[in-house]
Amino acid sequence: VRNLVMSCIAKKPEDRPSSTANLARAATALRNGDIAGAAAAVPAVLGGRPSPDAATVLIPTAGSNAATQATSIIGAAPTPQGPDAAEGEGEGETKTRSPWTWPLIVLIAILVLVLGGTIFALVNQGGGGTAPATSTGPSSAPPTSARPTTPTPTATVAPTTVLIPEASLLGKTSSAAGAILTALNFDLSVNTETGSAAPTAAQVGTVYKVNPIGNVKRGTEITLTVYGALPTVTAPDTAPKETPASTPANTVKAGTPFTVSWTAYSCPSGTSIDKYTVSATGATVDAQPGNSTSASLTPTAAVAGTVTVTYTVTCSGIESAASPALTLTVVAAP
């Protein structure tokens, strides 16, 4: 048993039990008195050489049956016989069993220590004997009681650009459009300028252009262009004339249609001709000329009467005053 215990703490690895299973088998064999079996599992049990004192043989005693065979130890003093022998045998049996209890306990404790030391050595072998590095992962914070929190109000960042509502500004007066821009609260400055003459009297002073448009920066100046006053369309400076010229001149035959014409009129800048309008006394206009520069008339005046013809021009809805008049004398038809 001593050799088995010493083998567990031997300095050389080859002198130690090769495994815990062999160590357990050797301990069991020793408990059963099988030294050869113990030596087969752990050779260090023999201490490096055979020990005749450690071997026991069962020798049957003469004159006794198999149930009363005694155990003789080779090389030991003969076992006493007789009644005293029985008592001695009982005492010897008690002495033979009790020494195994504590060695086995010590053996198990040593085995646990050896296993613990082996595991510790294996664990620290890769790290060079230093303590294992602690984890650098995120540590879990201690749980805190969930309490409703009030969100911290954040400062509102005012936008830096604004979309100019062009569609809402066109057709408005300059004051109304300026009020719309001011209501955007974008520090926009409004500049109003007069552009083209208004096409109609109703459009004078209304916005027809906005600059810039789209998304503009805070504080940008917005220019509103409004229609100016109606253009002045002056009266044509030439009178209409009979075409072709009659003979005698400036005469028309009663009841016979005749034609008058005039020079094309130039409207003011920013306007265009809408139409010409012919007016006559002593004759009827067969059809208004529209954009044409001539018209047909039929005299209604009696013989020795007169016919007076004038015309006006309308530029972008603005009508001029009447042109100088053409006066014709009505004569009898052939």
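The following paragraphs lead the reader through a predicted model of one protein chain.

Residues are numbered from 1 along the chain as its sequence is written. In this predicted model, local features need pLDDT of at least 70, side-chain atom pairs count only at pLDDT 80 or more, and totals for chains, interfaces and linings use all residues, while side-chain values use heavy atoms, with hydrogens and water left out.

The protein chain has 6 helices and 16 strands; these are DSSP runs numbered from the N terminus, with at least four residues (H or I) for a helix and at least two (E) for a strand. Of its 334 residues, 25% are buried, where buried means under 20% relative accessible area, exposed over 50%, and partly exposed in between (1.4 Å probe, protein chains only).

Confidence is expressed as pLDDT, the predictor's value for each residue from 0 to 100. The chain has a mean pLDDT of 78, and 74% of its residues reach 70 or more. Over residues 49–95 the pLDDT is below 50, and this stretch has 15 contacts (heavy atoms within 4.5 Å) beyond near neighbours in sequence. Where pLDDT is low, the predicted coordinates should not be read in detail.

The largest nonpolar core has 22 residues, and Phe258, Val307 and Val309 have the most contacts inside it. Such a core is a set of buried Ala, Val, Leu, Ile, Met, Phe, Trp, Tyr and Cys residues joined through side-chain atoms within 4.5 Å. Two or more residues come from each of strands E10 (258–261), E11 (273–281), E13 (294–299), E14 (306–315) and E16 (326–331). Strand E14 gives the largest share, 5 residues. Apart from this core lies another, of 14 residues, including Cys8 and Ala27.

Ser316 is found in the loop between E14 and strand E15 (318–319). This serine counts as buried because its relative accessibility is 15%. Beyond residues up to four places away in sequence, Ser316 touches Pro199, Gly270, Thr271, Ser272 and Asp274.

A search of the whole structure finds 1 salt bridge, defined as a side-chain nitrogen of Lys or Arg within 4 Å of a carboxyl oxygen of Asp or Glu. The side chains of Asp187 and Arg218 form this pair at 3.6 Å, N to O. Asp187 lies in the loop between helix H6 (174–182) and strand E4 (189–197), and Arg218 in the loop between strands E6 (214–217) and E7 (221–228), 31 residues apart. Asp187 counts as exposed at 55% relative accessibility, whereas Arg218, at 33%, counts as partly exposed.
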